[in-house]
Amino acid sequence: MTACAARLTGVRLCFGDTTALDGVDLDVPASRMVGMIGPDGVGKSSLFALVAGARALQEGAVEVLGGDMADVGHRRRICSRVAYMPQGLGKNLYATLSVFENIDFFARLFGQAHSERVRRIDDLIEATGLAAFRDRPAGKLSGGMKQKLGLCCALIHDPDLLLLDEPTTGVDPLSRAQFWELIDRIRAKRPGMSVLVATAYMEEAARFDWLVAMNAGRVLATGTPAELLARTQKDTLEEAFIALLPEEQRRGHHSMTIPPRSVEIDGIAAIEARGLTKRFGDFTAVDHVDFSIARGEIFGFIGSNGCGKTTTMKMLTGLLPATAGEALLLGRPIDPRDIATRKRVGYMSQSFSLYTELTVRQNLELHAQLFQVPGDIAERVADMAERFGLSELMDANPDSLPLGQRQRLSLAVATIHAPEILILDEPTSGVDPIARDAFWQMMINLARIDRVTIFISTHFMNEAERCDRIALMHMGKVLATDTPTGIVQASGASDLEGAFIEHIRRMDALAPTAAPPPPSLTHDDMEAETGPARRFSLRRLLSYSRREALELRRDPIRATLALAGSIFLMFVMGYGISLDVQNLPYAVLDRDGTTTSQNYALNLSGSRYFVEHAAIHSYAELDRRMRDGELSVAIEIPEHFARDIRRGAPVAIGMWIDGSMPSRAETALSYVRAMHVAWLSDFALRELGARPSLGLANIETRYRYNPDVASLVSIVPAVIPILLLLIPSMLTALSVVREKELGSIVNLYVTPVTRVEFLLGKQLPYVVLGMLNFALLTLLAVTIFGVPLKGSLFALTLASLLFVLSSTAIGLIFSTFVRSQIAAIFGTAIGTIIPAVQFSGMLTPVASLEGSGKVIGALYPATHILTISRGVFCKGLGIADLPVSFLALAVTAPILMAAGIALLRKQEH
């Protein structure tokens with residue numbers, strides 16, 4: 001019996017109502033190059049994730065390298081023997097890290113010492129041709145270089161099983177050929193290594209030892225390429241794959257016929273580019289491109305992802321202005337404001353861009369109305385639905401349709417207004433062969449019957465051969481323009497892909513040379529990492545800390561948010577939040593008009609708490625001015641005020657106070673009462689020669705710690721903890737969620753790094769950054785805000801360190817619940833600021849809270865750091881004076897960190 005690298009038995013995987021894998025039974029032979037073929041959405045990536053241990057199993061069993069992947073212990077033991085390169089150009093790489101730093105990061109995760117890392121990295125980048133780009137950031141590499149770098153990262157620990165999920169999709173032909181040559185050399189050096197590859201290119205699949213054909217989450221057939229061809233009696237693997245599909249899916253499929261184009265010469269090209277150039281900063285995306293497309297021609301734009309095809313197309317549709325050069329449509333220069341010309345053009349973008357919340361019918365009707373289609377729109381929609389096979393789908397939403405049907409809908413929308421030119425940006429990427437042939441037949445009919453000029457981009461060479469003429473594009477330049485046959489003959493190659501490779505070599509001044517040697521791996525090296533990974537490794541933890549610090553240093557947005565943002569918010573909150581009630585606008589309705597009543601009114605105007613406004617003359621005016629917000633206090637002095645007060649008769653002075661803000665109203669009332677008592681005392685002294693006695697005991701008020709009762713002294717020490725809670729927690733949450741968005745979180749799933757190492761490694765740089773923020777904010781408080789630090793600086797620093805540990809742990813907890821950076825920002829901000837302001841004692845003492853608010857206040861760490869911060873700044877306290885608060889912070893930090901670790905999953909669910 002042949003040994004298996006992986007075995008799947010009855011595997012079923014669902015995402016909501018979508019079934020990704022449906023009862024898969026598969027034995028993947030060991031020590032062989034195994035290819036998985038099938039269009040996008042058939043379950044290849046899901047199967048790879050299960051084999052790699054990146055995704056949790058739902059039903060069935062998966063065995064890899066002799067053990068059950070449902071067993072956590074087995075996954076931990078074999079993760080150093082498995083390498084997984086996920087789908088997408090550089091998906092598991094870090095854009096701001098250099099080539100060397102990316103590989104070094106992975107080497108650290110697998111516990112390699114410095115000398116071993118350097119030797120292995122040098123071997124790998126030399127073997128892959130990346131030595132000249134050692135210090136270039138991954139984000140600035142071409143697609144082919146990114147895939148080579150991804151392969152280096154995967155091979156750094158000498159895996160026994162290498163999983164490559166569409167590693168060459170969108171890569172230029174030369175880089176694709178070099179990639180497979182490198183794999184072949186490595187396998188020759190390590191014949192026992194098993195390789196499982198998913199590919200979208202049937203010509204690549206022909207080179208593999210064994211194939212697995214998949215469709216709709218099921219295995220259609222397995223065997224060698226020769227066996228599949230013999231079983232189906234077909235000449236190519238694409239034809240064999242179509243023959244293996246279920247009968248109902250193949251029904252109606254027939255070979256395409258491409259009638260010759262009738263050449264009509266009218267002297268005006270449909271599309272013309274003259275020296276077309278587009279730069280983004282220092283990067284030239286399109287470099288002096290020249291070509292001309294005749295009317296009714298199917299013109300193919302061939303090149304890898306990132307070579308400038310989409311940018312060129314956007315310039316030709318007026319969606320993007322050109323930096324230099326000229327683009328013409330139907331003989332007229334491109335003008336985004338020229339609606340008449342734009343109505344003669346249809347554009348289908350690379351990604352699906354229709355409205356998923358609308359039905360198929362509503363999408364067609366909407367675009368017909370936008371393009372002001374003449375005549376009966378309903379009739380036109382029905383005609384397009386019949387033509388593109390959408391009649392049975394008119395009431396369905398686009399996101400419920402298979403990819404092939406969505407692309408037919410996009411084509412129908414692009415042609416709803418009967419354009420003369422149709423620009424299609426990689427319309428068949430990821431579509432199954434039957435749907436792709438049907439799509440092409442529709443385009444051929446448009447070109448040959450309706451005389452529509454079609455400009456289509458693709459990276460499939462078999463599609464390029466169907467075009468009347470093609471342009472080969474690489475690194476922003478057009479290398480050649482001719483018929484597919486003409487380009488092949490001119491290059492001396494055997495096929496179109498070989499011709500493209502030859503043109504790229506000429507452009508790069510590269511001649512075919514002897515291949516560099518594969519990495520020099522020894523038997524000792526291969527055995528070094530095959531044992532089980534240690535449960536905790538400081539090296540792995542620090543590798544994440546180091547990488548996070550490098551990214552933080554090179555990301556100006558996050559660095560600005562961390563430092564300048566804290567300083568800005570310190571000024572906004574420090575000066576903006578005030579409990580002081582001063583400069584209250586007031587006016588007097590003086591019905592007495594005596595010097596005594598005027599003296600009473602002047603008693604308030606001389607205070608810093610009140611600002612006098614023009615006098616009031618009636619109740620109606622009083623009501624209007626208070627309703628408009630002009631006045632906060634209105635004083636009504638009654639008639640005979642001076643006479644009655646001298647006689648000792650009771651006098652009722654009206655005090656009208658704006659009660660829309662109760663706390664402010666109560667403060668204003670206390671001010672008015674104090675002023676009233678003070679005036680009465682002064683009046684008695686003037687009139688009677690002695691102040692009235694207020695009783696046997698008088699209250700003499702003295703304010704401690706804050707003699708002026710200034711809000712700044714209370715608010716600033718409270719703002720520092722608030723910012724130490726908000727900024728570090730947001731940045732920590734973003735650091736984890738960003739990996740989820742970019743896909744690099746897969747490195748946690750498939751490497752030996754543990755949840756503890758991952759989260760603590762992520763947390764450490766932001767703890768350091770938080771303490772730097774603490775130092776800056778404390779310095780601002782003392783120097784700019786003038787709040788003296790009376791107590792122990794050590795006590796405040798220690799409390800801040802414990803609190804930053806808690807705040808970053810809160811960010812880690814939030815990161816486990818959200819998958820987008822926007823959600824992380826809003827969720828963390830709301831979840832930290834509201835409890836901190838409402839329940840921690842910043843504005844209202846915790847002792848005054850009731851019910852759940854009081855419980856939250858007692859448990860929330862911001863409560864205790866606020867107590868410590870105000871105690872140190874205002875009261876001169878130290879650690880010995882605040883044991884309860886320090887103990888609470890010391891206990892809270894590890895509890896929150898443990899919660900974050902417990903909530904983080906080591907597999908995707």
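Is arginine 547 buried or exposed, and what is its relative accessible area? Arginine 547 is buried, at 1% relative accessible area; buried stands for under 20%, exposed for over 50%, and partly exposed for in between, with a 1.4 Å probe and protein chains only.

Before the close-ups, a word on the model. This is a predicted model, in which local features need pLDDT of at least 70 and side-chain atom pairs count only at pLDDT 80 or more, while totals for chains, interfaces and linings use all residues. Residues are numbered from 1 along each chain as its sequence is written, and side-chain values use heavy atoms, with hydrogens and water left out.

**View 1. Arginine 547 and glutamate 739 meet in a salt bridge.** Their side chains come to 2.5 Å, N to O; a salt bridge here is a side-chain nitrogen of Lys or Arg within 4 Å of a carboxyl oxygen of Asp or Glu. Arginine 547 sits in helix α21 (residues 538-554) and glutamate 739 in helix α28 (residues 711-742), so the pair ties together parts 192 residues apart in sequence. Helices (H or I, at least four residues) and strands (E, at least two) are DSSP runs, numbered from the N terminus. Glutamate 739 is buried too, at 3% relative accessibility. Look around the pair and you will find a network of salt bridges linking Arg547, Glu548, Glu551, Arg738, Glu739 and Lys762.

**View 2. Lysine 309 forms a salt bridge with glutamate 426.** The closest N and O atoms are 3.2 Å apart. Lysine 309 belongs to helix α11 (residues 309-316) and glutamate 426 to the loop between β17 (421-425) and α16 (433-448), so this pair joins parts 117 residues apart in sequence. Lysine 309 is buried at 4% relative accessible area, and glutamate 426 is buried at 5%.

**View 3. Aspartate 160 and arginine 81 link two loops.** The salt bridge between their side chains is 2.8 Å, N to O. Aspartate 160 is in the loop between α5 (143-155) and β7 (161-165), and arginine 81 in the loop between α2 (72-78) and β6 (82-85), 79 residues apart. Arginine 81 is partly exposed, at 24% relative accessibility. For context, the whole structure holds 43 salt bridges.

**View 4. Six strands make an open, mixed sheet.** The order is β6-β7-β8-β3-β9-β10, where two strands pair if DSSP finds at least two bridges between them. β6 and β10 (218-223) are the edges, each with a single partner strand, so one side of each has no neighbour in the sheet. From one strand to the next, the twist averages 15 degrees. β3 (residues 33-37) and β8 (residues 194-199) run parallel and are joined by five bridges, with isoleucine 37 opposite threonine 199 in β8.

**View 5. Helix α1 (residues 44-52) is mostly covered.** Eight of its nine residues are buried, among them Leu47, Phe48 and Leu50. Glycine 53 follows α1 and has a positive phi, near 85 degrees.

**View 6. Phe536, Leu538, Leu542, Val756, Leu764 and Val768 make a nonpolar surface patch of about 510 Å².** α21 and α30 (755-783) each supply at least two of the patch residues, and α30 gives the most, with three. Leucine 764 lies in helix α30 and is partly exposed, at 37% relative accessibility. Patch residues have over 30% relative accessible area and no salt bridge, with like charges joined within 9 Å and nonpolar side chains (Val, Leu, Ile, Met, Phe, Trp, Tyr) within 5 Å; accessible areas come from the Shrake-Rupley method with a 1.4 Å probe, and for residues only the protein chains shown count as cover.

Notes. Axes are lines fitted to C-alpha atoms, for helices over the stretch in contact, and angles run from 0 to 180 degrees between N-to-C directions.
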